[in-house]
Amino acid sequence: MKTLTQIWPDDLAQLYHEKGYWRGETFPALLRDRAVRFPGRVAVVGGDQRWTYADLHDKARHFGAGLLARGLVPGERVLIQMSNVPEYFIAVFGIFAAGLIPVFALPAHRRVELEHLARKSEASAIITQDRIERFDHSALVADLVADLPDLRMAIILGDTADLTSFDTITGNPATLPADPDPQSVAFLQISGGSTGLSKLIPRTHDDYIYTLRESARICEQDEKSVYMAVLPVAHNFTMSSPGVLGTFYAGGTVVLCPSPLPDVAFPLIRAEGVTITALVPPLALLWMDAAEKSRPNLPSLQLLQVGGAKFLPEAARRVTPTLGCRLQQVFGMAEGLVNYTREEDTDDITVTTQGRPISPDDEVRIVDDADQPVADGATGHLLTRGPYTIRAYHNDPAANQRSFTKDGFYRTGDVVSRLPSGHLIVQGRATDHINRAGEKISAEEIENHLIAHPDVFDAVVVSIPDAHLGERICAFIQPSGDDLKATDIRRWMRTRDIATFKTPDEIRFTDSFQTTAVGKISRRQLRGHIKDELLNG
Ligand code: OOB
C-alpha cells in the first residue's frame, strides 16, 4: 500500500509551526476536547436526530472501534459516500478515531468515479447508504467489492441484504489507537479534475485544522453559531469554510438540510435559529427569487456565504436586500487556498471581489503564460503556496508535474486579478473544466465517454455561459453514421455509470472539426476555437 505523505520543505514547516499556524491538533483530539468542554451542547441536527457533542463523540468511538474489530488496520483507507445525514459524522469521526483515513466521495458519484477513487487510494472499505436520491448504491458497491480485491468490506446505512449494516459496527473504545501524528495525512479529498478523473488531495491534521480555526474566526463562529449544511457535506466548501468541521471547531451546532429548495430551507432556518449557511451561486439566485416573492422572515440568519463558482456582482448586490443578512464571498479549492471577503470590507469589495486569503503566509503569484509576474492589477494565472496548500497529489506523478512549479506553487488554473488590498477577482479559467453550478467537470472525461459510443467519430466538449448554472456542458459531436440523435447520446451517457451531472446539457452535431494545414490541432485549441465560434458567431 502506498504511504500517504504531504511534505513541506523544512524551513517552511518550521515557519508555520513558529507562527502558530500548525499547533499539533488532530481530529480525534478535537472532538474529544469539544465533548469535554461542551458535553450537552447540540453538535448535529439531522432528520429526527439531535446529538450533543458527548453523544457524537461516544457514537463515533464505538463505530471506530467496530471498524477495527472487523479487521481494518490503522492507516488503511475508507471510501465514504453519504448524503447529508447525521450518521456521516459518526462514520467520519469513527474513521479518524480508528486511525483510518477517509476518502471523500460525492453523493452523485457512481461506479466509474467510486472505482477510480477506490483504486487510486487503495481503499480497504467503503461506507455508503442503501439509496441516495433513489439510486441503489448497495447494488453498486456489492459489485465493486466483488471486482476489487483490495476492497474487503462494504458497510451500508439503511437496508442491506448481503453487505454489512452500519448499525452493526460497534466495538470497545478501549481498543482505539493513540492520537495520530498531527503532521500525518488525515484524509484524502478529491479534486475537481480538469483532465480526466479526480485526483486525490492529501490533507494533514495540522494544515486542515489551521483552516478550520481561522475560518471560524474570520466567519465569527462561536459556540452559539448554528451552521446549516445545504451543499453536500463532503465538498470542501461545506466541510471547512468554516462548514461543518469549522462549526465543530467553534463548538457550534450543525443542521443538515435535506433539500436546497427554499420551501424546505427557510422553515428550517427559522425552526433551528440558523445563523450561517453556504450556497453555490445558482442556489443563491433561487433563494433570492423565492425571498422576493414570499418575503420570509429569517431574523437569525446573519451570514450567507456564496462560493464554488463566480457570483456576479449584480446578483451579489441583491443578497442583503432580499434575505436580510450579510453576504460573504468564498473562493477556495480543495487543494488548499481559501479566500474570504471580511466583515470589515466595504459593500463594494464584498460584491465585486472573491475575497482575500486566510493566511498572511498564503503566497499568491499572478503570472503570464511564461510564468512571469504580471504588472500590479493585471490579469494572470493564479499560483499559490502556503501553510495549507498541498505540495503534491497522492500517487500521481504526471499530475504533479503539470500542477506544481519547481518551487512548490500550485497552479490553480484560475485566471485572476488582484486589488492593492489583496482581494482577488476571479476573471476566468485557463483549464478545460466546466464549472456547472459549482460542480467541476472535466471536458476530457466527457469526451472520452462520448467517443466510446460506436457511432461517434469524434467529440469536443466545452462550457457555455448559462444565466442560471453559471456554465453548462455543450458537446459537439462528429458522428460516424447518419442516424445519430441527441436522445441516443443522452441514453448512452446514462449507461456509463457516471454521475448524472456529467450528462451534456446541450448536444450539437458537426460534419468535421477544424484542423490546421500542418495537421491536427490540440484538443485544447479545438475547444478554444469552438467556444470562440459559439460565443462570437
Ligand atoms: C471549491 O473547491 P473545488 O476544489 O470544488 O473547486 C475549486 C475551483 C477553483 O479553482 C475555482 O475555479 C472555482 O472552483 N471557484 C470559484 C469560486 N470558488 C471556487 N470560482 C469563482 N468564484 C468563486 N467564489 O469550489 C471551494 C472550496 C472551498 C471553499 C469554497 C469553494
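Biologist: Is Thr352 buried, exposed or partly exposed?

Modeller: This is a predicted model. In it, Thr352 is partly exposed, because its relative accessible area of 23% falls between the limits of 20% for buried and 50% for exposed.

Biologist: Which helix is Thr352 found in?

Modeller: Thr352 belongs to helix 14, which covers residues 347-352. The C-alpha atom of Thr352 is separated by 9.6 Å from that of His423, a residue 71 positions away along the chain.

Biologist: Let us turn to the ligand. How many residues surround the ligand, and which are the closest?

Modeller: The ligand is surrounded by 18 residues, and the closest are His235, Val330, Ala334, Asp414 and Lys440.

Biologist: Which atoms of His235, Val330 and Ala334 lie by the ligand?

Modeller: For His235, an N or O atom of the side chain is 3.0 Å from an oxygen atom of the ligand. Val330 uses its backbone: an N or O atom there lies 2.8 Å from a ligand nitrogen. Ala334 has a polar backbone atom 3.0 Å from an oxygen atom of the ligand. As for the area, the ligand taken alone exposes 600 Å², of which the protein buries 95%.

Biologist: Which element gives the most to the shell around the ligand?

Modeller: Strand 16 gives the most, with four residues. Strand 16 spans 326-333, and helix 8, at 236-240, likewise supplies at least two residues of the shell.

Biologist: A change of topic: how many aromatic pairs does a search of the whole structure find?

Modeller: The search finds 20 aromatic pairs. In one of them, Tyr53 and Phe248 have ring centres 5.9 Å apart and planes at 80°, so the pair is edge-to-face.

Biologist: Where do Tyr53 and Phe248 lie?

Modeller: Tyr53 is in helix 3 (residues 53-69) and Phe248 is in helix 9 (residues 243-250), so their pair ties together parts 195 residues apart in sequence. Tyr53 counts as buried, at 0% relative accessibility, and Phe248 is likewise buried at 0%.

Biologist: And how are the rings of Tyr88 and Phe89 arranged?

Modeller: Their planes are at 80° and their centres 5.5 Å apart, so Tyr88 and Phe89 also form an edge-to-face pair. Both residues are buried.

Biologist: Which residues form the aromatic cluster?

Modeller: One cluster includes Tyr53, Phe248, Tyr88 and Phe89, and among its other members are Phe27, Phe38, Phe93 and Phe96.

Biologist: What of helix 4: how many of its residues are buried?

Modeller: Eleven of the eleven residues of helix 4 (residues 87-97) are buried, so this helix is largely enclosed by the rest of the structure. Among the buried residues are Glu87, Ile90, Val92 and Gly94. Just after helix 4, Gly99 takes a positive phi of about 75°.

Biologist: What does the UniProt annotation say about residues 88-106?

Modeller: The unreviewed UniProt entry annotates residues 88-106 as "transmembrane region". In the model, the chain over residues 88-106 is 53% helix and 21% strand, with its end C-alpha atoms 12 Å apart.

Biologist: Finally, which charged residues sit over rings?

Modeller: Arg110 lies over the face of Phe135, 3.7 Å from the ring centre. Lys199 has its charged end over the ring of Tyr393, at 5.2 Å from the centre of that ring.

Key. Residues are numbered from 1 along each chain as its sequence is written. This is a predicted model: local features need pLDDT of at least 70, side-chain atom pairs count only at pLDDT 80 or more; totals for chains, interfaces and linings use all residues. Side-chain values use heavy atoms; hydrogens and water are left out. Rings of Phe, Tyr and Trp (its six-membered ring) pair if their centres lie within 6.5 Å; planes under 30 degrees apart count as stacked, over 60 as edge-to-face and the rest as tilted. Buried means under 20% relative accessible area, exposed over 50%, partly exposed in between (1.4 Å probe, protein chains only). A charge sits over a ring if NZ of Lys or CZ of Arg is within 6 Å of the ring centre and within 35 degrees of the ring normal. UniProt positions are given in the numbering used here, feature names are shortened, and annotations may be inferred rather than shown by experiment. A residue is near a molecule or strand if one of its heavy atoms lies within 4 Å of it. A polar contact is a pair of N or O atoms within 3.5 Å; within protein, one must be able to donate a hydrogen and the other to accept it, and residues adjacent in sequence count only if both atoms are side-chain atoms. Accessible areas come from the Shrake-Rupley method with a 1.4 Å probe; for residues, only the protein chains shown count as cover.
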